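Please have the sequence and the model open while I talk.

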Amino acid sequence: MNDNNSELDRAKSVLKAIPLMSKEIVDDTLYEKVLSFLDSVIARGNTQQFDSWGILDILNQACEIPEQDYRVYTLCYRLLGSLVSYEKQQADHIFTKIINQYPQLLERLCSDVTSHEPAVRCASLEAFRKFLNSSCGAQWILNNDKAKLAISHGFMDDSTYVSAESCKIFELLVSHSDYDQNLRSLCQILNPAQHVKLVLGDPVELATTIPALDFCWFMSNARTTAAYNYMLNESLLLPLLHVIDVGNRVARNRAIEIMSVIFEWVPSPLALLVDGTFISDNEAENAKFAYAHIISKASDMISNPSKSDQVLAAISLLEPAVILLQRFATFDSPEVISLQAELVTILDSSLGHSTTLNNKLSALAGSGYRLSYLKKTVAQATLGTLNALFTAFPECVTNSSLEKLLQVLSTSELSSAQLVLKITLKVILTTLHSFANRTEPEVIQSTLSLAAQKMLDILDSSSNMDSRSVALVLKTFKELLSHEKMSYVITSQDIAEPLVNMLKLKLMESEWDIRDAVIEFISFLFQQPITDAKISLALEYELPLLVFERITDNEPYVRATALDALQNLMQSKEGWMFIQRNQHTRRIASELPGMLYDTEAFVRRAALDAIRCLVANRSCEGMVIEAVASPDQKSLNPDLVTARMDDPDSSVIVRMCRLFYDLWQLHLHESEQHKRSRTDNCPESGDTSEYISIFYTLKGDYWIIEATNATQRRVRAEAYDIIRQILDEQSSINTPIHQANAKKRVIETDNADKDATFLEKLSNVDLEKLKITSNPEHLFQEALDINAEMMMHSLEPSHPGDDRNILDCYN
């Protein structure tokens, strides 16, 4: 109850501050936050409460201020709409009050609906839409010519947001016109169907064509019986096929999007596209009629194109036709078989085979360059439709289909285009998945081997593929290695060996992106989920050695990727065993400290993560730890630690803190081991050899405490977590059962005094205060919360020393 009262009090103060909002506020999001907060309070049934606060008078005051900021108008109009929209029983009372006591507010609203600011126009239309929740509001719009004209003009507004708001209004009218006479009358008056059809009948100007198509999309995507009946009765979508035939690419794509939507849910799709279509009670039969018409239309466009765009339009038309196929066909239906054959024939033309379409493309293109571009575009569109077909009907995939795809892959003119290569590899993957799920292992092996070999061929070292294309092919191999049935084919010698040779060659490329893609691929082999196939490929061919070589690559991005890959190696059991078996631990450990001097923060971050992995595996042998820095910058020493704890990148400091925690755990482990070893091996000699703790050598005890005073919140939060964890671990072992052992563990170590002092300092830290200052919640809340003070002043301080309006999260 108190929280609710507090929220209402804050809402009241925020509401009263609206007329006083500073014109110098630079943060546009402040207005959205004010609206979001007040709207949420109104939505919880507080309309009457806001009315008692005089919200209408406050909004009227704000709007009557001379030269008012347009953002305030936007806020006021949207709030006015919210006030009417949430509580049906209060809506008419509120709107009647607006008409009788604040007619000037409505007059200004009607005037500003033609504002030069799109945000104001959109807000005005949003208010009109919400007025429709009130019968009085609907009656007022019906009687107000300015409001009706504004909604009508909004359909063709050059701002997408404004036209979308008009479309929402009309969609609402269509959906509810059967239940309300005012809404039905408004629907008849505002109906833009004739104008939309007129515009789409001659889709030359994009400025008018796109808004008209957007209206069609809104009605199509409504997915209601009322919307379907409206589109059918008004013949709204009859011009769509014409737009696809003669419109430009942008209009054509939008028209195809609309068709894809109606093909999904409309009972009789063809009835919306072709006048006089017979409508059956059987929806599957209606879908079949529509499919036949679309295929016939596309075939005519391909057979008799007057320009190259018509060929592309026809192929684009085939993809939504697959949606219709799913409504009535099975994989062995004649329609599916015929469509697949048609698509393969179109691909032949792109491959340069002597076909009728190829001859037509040559004639339409004119120049050789234009023909090459046209073939790539046709191939891309055809492959997209093939992928949709194979996804919908996996069983229809045949060997001949795959062979055609591999021909595309082998044709350098096509596969050199990144977009064509991407969709080709995608269809090949879809095809191979289909084969793997329904054929015998022997068939899978022969088919996949052929496909993998083709992919390796295009990655030949003599090719001129860019890094993105290399990454696409390697991504495909990742997908194959992740598939249970197909992975073993990739790890067979006839595929794995050339794949590894290709990886080695690509690591010699001068383009760093290619080297980076190869290291990422090797890193993937040790990522979760770990599989036998991935590990087998990596270890049998000693791929981790390639990673080790690239830790010192000239390019920082490659160095960082190699260090990330090294982490994956060390975090996997198999990878760590490989490192130890090949005696690379010392070499790796010796090189990592030097990486902390790198000029790039992301390399330093990756190096720290790798060092932490070594510490977690208790394998710091080979890493030079010094109490005094050496000039060769190869050691981990207090000076380097100091530099990194003052790193300009807070993520580096956070990782340093985590490293100190890992070193503390290592210290406890090694000191215990040292004590046991001394007791077991020299029980009588009284060996007093000193144990050197890395944790204290690097002053971890000092830096963990120091991190609690860091300026960066993330560092303080990390320090809190670490201190809490150390103290919790200590308290958990100090139970009556474990107390004696715990005392021995901490007090009887070689660094007993240091441990005791360190733990005492940790226990003296005010963790509650540290948690409060580190918790991001209050910062986020500060950014989200609204108060009158923020609204009345600019976020920029008036004087250099005045920062009262600057959020903590901006500091």
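Let me begin with the largest nonpolar core, which has 269 residues, where such a core is a set of buried Ala, Val, Leu, Ile, Met, Phe, Trp, Tyr and Cys residues joined through side-chain atoms within 4.5 Å, and buried means under 20% relative accessible area, exposed over 50% and partly exposed in between, with a 1.4 Å probe and protein chains only. Phe128, Phe131 and Leu566 have the most contacts inside that core.

On provenance, this is a predicted model, in which local features need pLDDT of at least 70 and side-chain atom pairs count only at pLDDT 80 or more, while totals for chains, interfaces and linings use all residues. Residues are numbered from 1 along each chain as its sequence is written, and side-chain values use heavy atoms, with hydrogens and water left out.

Setting aside neighbours within four places in sequence, Leu566 is in contact (heavy atoms within 4.5 Å) with residues including Val547, Phe548, Ile579 and Ala610.

What, then, lines the largest pocket? Its lining residues, those with an atom within 4 Å of a point on the 1 Å grid, divide into 9 nonpolar, 7 polar and 7 charged.

Finally, Asp180 counts as partly exposed because its relative accessibility is 23%. From Asp180 to Leu374 there are 194 residues in sequence and 54 Å in space, C-alpha to C-alpha.

Technical notes: Nonpolar A, V, L, I, M, F, W, Y, C, P; charged D, E, K, R; others polar.
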